[in-house]
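Here are some friendly notes to read alongside the model.

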Amino acid sequence: MNAPATALAEVTDAARHGAKAARLARLIAAGAPVPPGFAFPDDAAPEALAPALAALEAQSGLGFGAPERPLLLALRSSPVETAAPSSPAILNIGLTRDTLPGLAARVGDRAAADLRRRLIQAFAPAAMGADAELFESLLYDRMKFSGVESEDALSLAALKALETEYLAAVEEDTGERFPEDARAQLSLAIAAMRTAWAAPTARILRGARGLAPDSAQALIAQTMTLGVGPGSSGAGFATTRSEEDGAPGFQGRYLAQAQGEDALMGLRTPRLLTEGARREAAQTAPSLEAEAPDAATKLEAQAALAELTLGDACRVEFTLEAGELHILDAQPLRPTARGAVRIAVDLAEAGVIGREAALLRIDPSTLTSHLHPTVSARAPRDVIGAGLPASPGAATGAIVFSSEAAETLAAREQAAILVRVETSPEDIRGMHAASGVLTARGGMTSHAAVIARGLGAPCVVGASDITLDIEGRTLTTADGRVLHEGDIVTIDGSAGEALAGSPELVQPEISGAFAVLMKWADEVRRMKVRANADTAQDAKVAIGFNVDGIGLCRTEHMFFEKNRITTMRRMILAADEHARRAALAELLPMQRSDFIGLFEIMAGLPVTIRLLDPPLHEFLPHGPREMNELAEAMGLPLKVVTRRAAEMREFNPMLGNRGCRVGVTYPEIYEMQARAVFEAAVAAGEKTGEPVIPEIMIPLVSANREMELLERIVERVAEQVRGESGAALCYRIGAMVETPRAALRAGDLAATAEFLSFGTNDLTQMTYGLSRDDAGRFMRDYVAKGVYPEDPFHTLDVEGVGELILLAAERGRARAPGLTLGLCGEHGGDPASIRFCELARFDYISCSPFRLPIARLAAAQARL
Ligand code: PEP
Ligand code: MG
């Protein structure tokens with residue numbers, strides 16, 4: 001059986017004694033002046049601690065409960081799971097009526113009296129169930145009575161009077177006398193720490209952090225070092241780096257005549273550590289450096305030692321006892337996302353940690369804060385609407401309620417925030433023009449969310465607590481405030497909140513440490529990382545992020561541009577094939593020039609172009625004004641145009657005539673697109689001298705018969721373009737696996753398709769039978785109630801959708817061993833889903849340009 005207690009210096013097992021005890025052991029081994037102590041499980045019987053206590057007494061030359069030279073103990077929690085919140089330490093245990101004179105002989109009468117009242121004030125609420133406020137108000141009254149501003153100014157007489165009042169209050173409130181026996185105090189304190197750990201609130205807190213509510217804690221009993229006493233005595237904390245940006249620099253706070261967390265509590269203004277910091281802050285109180293230069297020098301060296309020993313930037317807690325420095329802990333710093341990258345890279349470059357450790361230390365999803373402006377952590381937040389964090393970053397601008405208004409402001413070079421109930425393809429122009437987007441409805445894969453991520457524009461969707469009157473151009477907040485068009489708001493797409501006004505923003509930083517980290521990630525990852533890019537602008541952003549190609553170009557987005565949509569609509573509403581082909585002939589050069597642009601920007605990297613996917617009526621106008629304009633453009637009576645549009649409506653468009661079904665029913669559309677791709681490939685190839693090998697991707701396949709049919713059409717066009725151009729045109733054809741049947745029959749598809757790309761947005765929608773456009777309305781409830789562990793449109797459902805993917809991968813590869821496998825749904829930017837793809841040995845993942853750094857790091861981490 002394990003001994004119940006282990007000397008701190010001998011702790012090796014963090015799983016038994018907790019991260020704190022293990023950390024202190026490493027610091028002791030490195031020579032840090034950590035007060036001696038011992039660690040034990042929180043259910044150890046107090047009597048079983050006797051040998052460890054005796055050893056501590058022998059080591060310190062003090063006696064626990066001894067009237068002369070009394071040993072005082074601090075009892076601290078050391079959770080086994082590092083991230084578990086721990087309850088506050090109980091300090092000064094062993095300070096009884098009998099040991100008070102002995103302590104006074106060491107630290108002076110006043111300091112001893114102050115330590116005594118501190119013990120009662122903290123111990124009685126924590127270990128005896130007394131009301132903490134009683135002591136607060138007695139202290140307050142006593143300070144008022146004594147005419148002093150802070151507790152360190154109380155006289156010995158005042159502290160003695162306070163002790164008497166405290167003891168009476170304990171008895172009155174709990175019906176118990178304050179324990180005047182050191183061992184009794186220790187037993188009660190241990191029981192209190194155990195109870196606090198097992199309390200429902202603590203369990204809920206652990207659960208909320210994703211930890212097991214039942215996880216264990218160890219306890220540490222440690223010799224007290226006294227920050228209250230003669231000479232330079234006090235407590236504080238020091239760091240080696242800035243939490244804001246990770247830049248090196250010794251800094252911290254120090255409070256004279258203080259213990260524990262006092263320096264953080266804001267009761268008195270703490271002092272700064274260095275003269276430089278003091279001058280900068282124009283503080284009049286002397287810095288620690290001025291008051292106790294030796295201690296300050298030692299503290300700086302100890303902070304550096306802790307960083308070196310623990311391999312991370314630390315916040316060192318320290319006590320000065322009569323000028324002598326003691327290190328109480330060195331916890332990892334909690335820097336901002338940018339600070340974390342700087343620290344990890346600095347430490348790896350200095351050889352303190354390895355590159356792999358640096359890569360693993362960064363949460364990929366936090367990288368977006370490098371790419372976009374973010375709301376400063378210091379800025380006050382006046383939240384006017386909360387929803388889902390659909391696209392990260394922050395933008396400030398004037399509220400507009402229509403795309404036209406967004407475009408008008410953009411023309412005047414003014415920032416607009418487009419506010420809609422939800423967006424539709426018609427809003428794309430407005431979204432391009434706007435700096436940020438807010439919708440009252442929609443989920444993480446709603447139209448607004450997908451487009452905003454592609455644009456890199458901050459976006460909050462599903463802010464159901466706001467009420468919109470689009471006609472009246474007002475936004476009403478949950479607390480009844482009414483905002484009008486033109487009012488300034490800020491979208492915090494990382495937090496999923498809209499804020500009133502213009503809080504301070506921090507600008508992006510993608511060079512320096514960030515660039516170094518990305519380079520390291522690229523050296524480690526196996527999977528290619530491609531971008532979902534529809535426009536030249538997307539492609540340029542992607543190239544800036546060192547992309548490996550385009551994994552998904554959604555060609556439909558090219559048709560929504562101002563001068564194209566009418567032609568597109570004429571094509572859709574054409575009376576017959578002849579009229580349809582005439583409109584398609586007008587669209588051909590437009591598509592071709594778009595593709596040439598993409599091929600040129602991608603300069604030889606693979607480009608996957610998906611043929612038209614949405615139901616055609618998504619392109620049709622909604623309002624009567626636009627319908628009228630269309631009728632005029634087509635030279636047809638409004639009635640005819642309206643009737644044709646009505647005929648196209650479907651009951652269930654997402655399961656209707658969309659995807660490759662459009663290609664099967666209107667082959668001339670796919671013919672035009674294939675021609676545009678091939679002619680562009682030839683043109684771009686001639687320009688650069690490098691042949692372009694385009695990848696043509698067929699969406700929403702459910703049977704190989706569809707692939708065969710469409711491949712024949714595509715090949716016929718390729719043959720024509722070869723004949724016309726004389727170029728030896730090569731291309732690859734692939735299928736999107738977006739229906740469960742396509743996954744099940746992937747073996748068949750692999751007979752025709754050279755690559756399979758999993759469209760996990762639709763595949764998730766169809767596997768669950770869950771509308772991706774409507775799920776946002778109830779997804780929060782579903783996740784909150786634990787029905788789904790996560791939003792499956794955000795993180796891949798490994799159990800269900802994942803099984804289909806694995807099955808498809810296996811069947812596809814069995815049929816065609818060289819089959820290329822990729823994933824291009826929104827999951828391509830989600831680290832957990834990327835890990836799944838690495839395990840399934842995918843060739844690539846594809847995600848929105850602004851998620852590329854996340855994907856690159858996640859792909860690297862998946863290999864480590
Ligand atoms: C998908 O369904 O996962 C996909 C990439 O296609 P889209 O989002 O355009 O339907
Ligand atoms: Mg799809």
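1. Let us start with ligand 1. Around it sit L552, R554, D613, E738, G759, T760, N761, D762, C824 and G825, where a residue counts as near a molecule or strand if its C-beta atom, placed from the backbone, lies within 6 Å of it. Strand 27 (550-554) and helix 30 are the elements that give two or more residues to this shell. Which of the elements gives the most? That is helix 30, with three residues. Helices (H or I, at least four residues) and strands (E, at least two) are DSSP runs, numbered from the N terminus.

2. A word on what you are looking at. This is a predicted model, in which local features need pLDDT of at least 70 and side-chain atom pairs count only at pLDDT 80 or more, while totals for chains, interfaces and linings use all residues. Residues are numbered from 1 along each chain as its sequence is written, and chains are lettered from A and ligands numbered from 1 in the order in which they are written. The protein has a mean pLDDT of 93, and 99% of its residues reach 70 or more; pLDDT is the predictor's confidence in each residue, from 0 to 100. For the complex, the predictor gives an ipTM of 0.99 and a pTM of 0.82.

3. Under "binding site", an unreviewed entry lists R554, R610, E738, G759, T760, N761 and D762. UniProt positions are given in the numbering used here, feature names are shortened, and annotations may be inferred rather than shown by experiment.

4. E738 is in the loop between strand 30 (732-737) and helix 28 (740-744), whereas D762 belongs to helix 30.

5. Are these two buried or exposed? E738 is buried, as 27 other C-beta atoms lie within 10 Å, and D762 also counts as buried, with 23 C-beta neighbours inside 10 Å. The rule is that a residue is buried if 20 or more other C-beta atoms lie within 10 Å of its own, exposed if 12 or fewer, and partly exposed in between, with C-beta atoms placed from the backbone. Setting aside residues up to four places away in sequence, D762 touches L700 and E738. With its neighbours within four places left out, E738 is in contact with P699, L700, G759, D762 and L763. Two residues are in contact if their C-beta atoms, placed from the backbone, lie within 7 Å.

6. Now follow helix 30 itself. T760 lies in helix 30, which runs over residues 760-768, and N761 is in helix 30 as well. T760 counts as buried, with 29 C-beta neighbours inside 10 Å, but N761, with 18, counts as partly exposed. Beyond residues up to four places away in sequence, T760 touches L796, V801, L823, G825 and H827.

7. Apart from neighbours within four places in sequence, R856 is in contact with M518, A521, D522, R525 and V529. W520 is 336 residues from R856 along the chain, and their C-alpha atoms are separated by 9.8 Å.

8. Helix 5 (residues 132-146) gives a simple check. At 1.5 Å a residue (the expected span is 1.5 Å times one less than the number of residues), its 15 residues should span 21 Å, and its end C-alpha atoms are 21 Å apart, which agrees. How many of the 15 residues of helix 5 are buried? The number is one, so helix 5 lies largely in the open. Just after helix 5, G147 takes a positive phi of about 70°.

9. Finally, the overall view. The protein has 34 helices and 33 strands, and its C-alpha trace spans about 105 × 60 × 50 Å along its principal axes. Of its 864 residues, 52% count as buried. Among contacts between residues at least 6 apart in sequence, 67% join residues at least 24 apart. The domain assignment gives domain 1 (6-223), domain 2 (234-335), domain 3 (373-506) and domain 4 (534-562 + 583-615 + 654-861), with bounds that come from an automatic or database domain assignment. The C-alpha centres of domain 2 and domain 4 lie 54 Å apart.
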